[in-house]
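Welcome, and please open the model in your viewer. We will go from one selection to the next and see what is there.

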Amino acid sequence: MTTVAIEPASVAQPKLALVSRALRRIGFLPALLIVLIVLLVLFEPRFMGMFNIFNVARNSSALLIVASGQMLVLVVGGFDLSVGAVIALTSVVTAKVMAVMLEGAPEDVTLAIIAGVAAGMGCGFVTGLINGACVAFLRISPFMVTLGTSSIATGVALLLTNGIPVYGMPDAFVKDFGRAIWFGLPMPVYVSLSILVLVWIMQRRTTVGRYIHAIGGNVQAAMVSGVNTNFYLILAYTLCGMLASLTSLLLTARLGSGQATMSGNLMLESIAAGVIAGVSLRGGVGRVEMVALSALFLSILTNAMNLLKVNSKIQTIFMGIIVVAAVALDELAKRRSRSAREG
Amino acid sequence: MFPAPAPSRGGGRFTEAVNSMNEHDGNLLELTGISKRFPGVLALDNVDFDLRHGEVHVLFGENGAGKSTLINVIAGTFGPDSGRFLYQGREIRKLTPHQARVMGISPVFQEFSLVPEMTVDENLFLGRERSRFTFLNKRAMRAKAREVIAELGFNLDPTRKVGSLSRAHQQMVEIAKALLTDVRLLILDEPTASLTEAETIKLFALIDRLRAQGVGIIYVSHRMGEIKQIADRISVLRDGRKIATVRSDEISETELVELMAGRKIEVLFPHVDHRPAEDLLEVRNLTLASGSVKDVTFHARAGEITGIAGLVGCGKSELIRAVFGLDPVESGTVLLYGKETSSFKPTAMLRAGVCYFPSDRVAEGLALARPVRENVSMAALDLPEFAKGQVIRRKEEKKTIQDIVDRLKLRPPQIEPAVGRLSGGNRQKVVLGRGLAREIRVFLFDEPTVGIDVGAKLEVYELMKLLLEMGAAIVLVSSELPEVLHLSNRLYVMHHARMVAELTGQDINEQAVLACFFREDAPNAGSDEVPAERAVASAA
Amino acid sequence: MSEPSAAGAKLSSGQALAAFMVRHGLIIALVVMEIGFAIVEPLVLSPGNLLNIIQQTSYIAVFAAAQMVVIVTRGFDLSLGTTVSAVSVASALVMTGMVANGSTNMPVIMLMGMLTGLGLGLAVGLFNGICVSVLNVNAFVTTLGSLNICFGIATTISDGRPVFDVPREFSGLLYSGTILGVPAPVIIAIVVLIAIHLMLTWTVFGRSLYLIGGNPRAAALAGLPSKRYLTTAYVVCSLLAAVGALMLTARTGSGEPNLGGNVTLQSIAAAVIGGVSLRGGVGGTYAAVLGALFVTALSNCMGLARIDGYIQQIILGCVIIAAIFVDRLRTGAR
């Protein structure tokens, strides 16, 4: 009679264990990032070019801001498919408001800018509020709500512009803000770094962050502990919408026109950045500094593919595979660590 | 001393005001005519209940008697449909869990209200963080957490993630959480179920201190020994009604049990004729990958009920789950009908005539949105009686399932309504129907009477009798001691992942079983940790 | 589960009316909508237009049925639309390529075109299914990934341009052909839908999908081969998407890299509006068809009433949210 001996999964080859322990110490993502940068510096001289660095910095800044919003929503256990649509809508509304204001009173540049920015941020605020309220009060699945609002916001953006870019924003907004270089770096870098710090503080040092994590971890527990779960759910979605709007303002200011097709792939990339950063789709887990790293990683990766003249269509395929692979690896690691802990 | 006055958010002011108003009023809590209806069940039927300052009031009753509904009403989880709720002399309407906590009502439920991804101290302060303009004062909270834990005498590290703690430790976190602020009314729902004896003694000492300070304590328990030890008064609930409230020193254990069951105990449990025959299932030295079962050996014979008793989290449920192929096995042998099996998978087990009936029927047993018919035939779709290859024989299915449903006395005896519309007892019958839909010889029952009423319980027992007569082997895992005591022919006792005793004949009695629970408990046996993720996850 | 208890509880007439509205709300809404629009634009109810609606419905019904098969298992397929695009382009390229290479055997050319399309559908379905069931990646991420992969494939192989000169015989077969006066797309849709219906109601596989969606853990305990069946569900979904894509390609007469633009949204909307629950275990062919009919009729009416396309998109978004809300009411929110 032989015994049924099922080998515990945690028994791995010693060499592999060493590598994996080293990786765990630094973290998988930073290691990957460093490898990528070293490879690029060694083999692709154009990577270190001033223009290219600026480009990467701008792209990763935009992605970081959307992704940190997306992360907040992922942490409360939802997701937001409408960030792309919000970016488009904000762009169009901001440009339109500024253009109309300027037409009325050409000398009141400041007022036009303030009004435009406020209107733009309002778009994100309202969409986020609707998303959050539907999820919190009506208990509608976030997937369907944001799919719906995404359709609505895109429709409004197209309706406002008929698909034609909106010009006529003040130079002060475009040249002195959108395309500005401060202390040797493009302006969006500073904005995104401030957002990073703010979100980090919020996550780590305030009750807001703690409640958002608690809701994602165990709603029931948060509720009986007296956390106003509906409020914080709505807050997470609203912040996500507003951060998407902020991204849109930066992009619009740089582009110099409001476009209903602006978002490109940012919705997918924001989710990808979150997922690669280890934000759990089940909620409760996610750190903004990791999201920042993965936003940087994705931007550099895209940049590398551009430099290597990889067709943009194929890049899309690649992005799709990366997202699925990241989650699959995460699941595997979780299964592994579970059996290791239990064994 | 305990409870420390909480300097947070005006809680202190509130209690002061209340104190001056109510100090001389005898009752802390007074409920009159409370009723609560859930779909298909009247969970509470016109219940009166009161709690004095500084008393331990035990709620006693079977599962499904309405105890948990009552404490949930008091904790503000949901409101009653009717009735008056007086707390410290004031009428309370539309109580929320948060309000309840602010007013000093602290519940400790069996399903923990903890966030597994957060640390112990983060969980302790959840919802009432020390903060200024939303900025957290982490250091103060951690210090306070250490202080509280030390005062309680618990062995807990405030920086550990709750998800990585054992069930016993999670229970301690939950208790610490309830006592963190100024508590006036403490609700404890079977707090000792997962504690060791040493920890239990500490808890009782704590209860005494709280009682001395005038805190009212509602204590839900099944365990006769501890009830007699700590209770001032006892209220017995049965089928949603309050049967009696008595002083603890004026009633005997037998009387209590009879009040609970509503009849003589012999009537509640049918007489079972055990005719033990050959071994159908034999497990040798089974150890699970999760460590929740270690080196367990037992066997189950045709024609008898083999009981397995043990505290919550002792591994008894994991044991039979592993036999059915649900929890990964690390080492050991399982023999079916004398032959060794190697394929631990539900499909293979069902084919071999082994069926497992889960304790959590909503989570694991039933597809609530689907009709009774589909739920009963679910585990038999590979049989030629139900499907020819891939094609389902719907007419035969209907007939067979209708027969089974009639035999089980399902009410209503219809096979098309969605299972979600049925009451707990009827849902259990649907799950049990699976055992009749195909030829099963080994029945693994995991807490088969949890959450069902007395009538349905009897029917479940009768069904077991019937199965025995048909020559089946029944393994009965239950946390309800009377159940395993009265029904088992042989009773195994599990404790801390190990099989510690096999009792037969006259040895099957409460004292013998309890002795096993508390035998080899070292003072800090809590370090023998079993991950309790499932417990936390199911609370989510 | 705050459903009104079935036993004994008498409903007031108001409640009965509400229950009736919730159960048959969609048909009522459909009729009201048609009549309402007919007042503004009488053409809405003309026989020609009604026939038109039926024809258009046959496409969306196929997609909605595809989506329904995975929604029933608690999943969904965001990649449906781009699968349609990829299949359209790939099959068109194969057919035009064969023609360009001098092949004249039309049946073979068309067969190859269709097989390519179905093969691509099979591949996408396998990818989705394996990721979801074996690798345990959630359906949302998986299909979001394959959405991009299919988009990449569609635009790469076509260079982003439509593939013209699809053989006219292909359109003749799958679009303009008729049997006994019934147009080909309607016949295909009916055949496909009946097949799906039989699959869901008469096979162990179909039954298992409902049970897996209704309670995955219970299904595992009952010994159902969940992984295999889940994978197959995604394969069936993508194969149906491929069938719909071939039908659409025959209609446009070209392989279009943007053919599936709105298909995902429409298919999910149709299925959910028809009453397929996103929480799994509930839904049927009837629901998919009814939902498809509603979505089609809505856009048809709005088109005839000359409502701006962008506003139509906004209205569709609102209708989706409303439908989910009604679903909540129907199954009882908790």
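A salt bridge here is a side-chain nitrogen of Lys or Arg within 4 Å of a carboxyl oxygen of Asp or Glu. With that rule, select chain A and chain C: the count between them is zero salt bridges. Polar contacts (a pair of N or O atoms within 3.5 Å, one able to donate a hydrogen and the other to accept it, with sequence neighbours counting only through side-chain atoms on both sides) come to one residue pair between chain A and chain C, both at pLDDT 80 or more.

A note on ground rules: this is a predicted model, where local features need pLDDT of at least 70, side-chain atom pairs count only at pLDDT 80 or more, and totals for chains, interfaces and linings use all residues. Residues are numbered from 1 along each chain as its sequence is written, chains are lettered from A in the order written, and side-chain values use heavy atoms, without hydrogens and water.

Next, show contacts (heavy atoms within 4.5 Å): 40 residues of chain A meet 38 of chain C. The area buried between the two (accessible area lost on being put together, 1.4 Å probe, summed over both) is about 3,300 Å², and carbon and sulfur atoms give 79% of that. Now pick Phe143(A), Met144(A) and Val324(A), which supply 17% of what chain A buries against chain C, more than any other three residues.

Finally, turn to chain C and select Val31(C), found in helix 1 (helices are DSSP runs of H or I, at least four residues, numbered from the N terminus). Val31(C) counts as partly exposed because its relative accessibility is 44%, between the limits of under 20% for buried and over 50% for exposed (1.4 Å probe, protein chains only).

Methods. Helix = DSSP H or I, 4+ residues; strand = E, 2+ residues; numbered from the N terminus.
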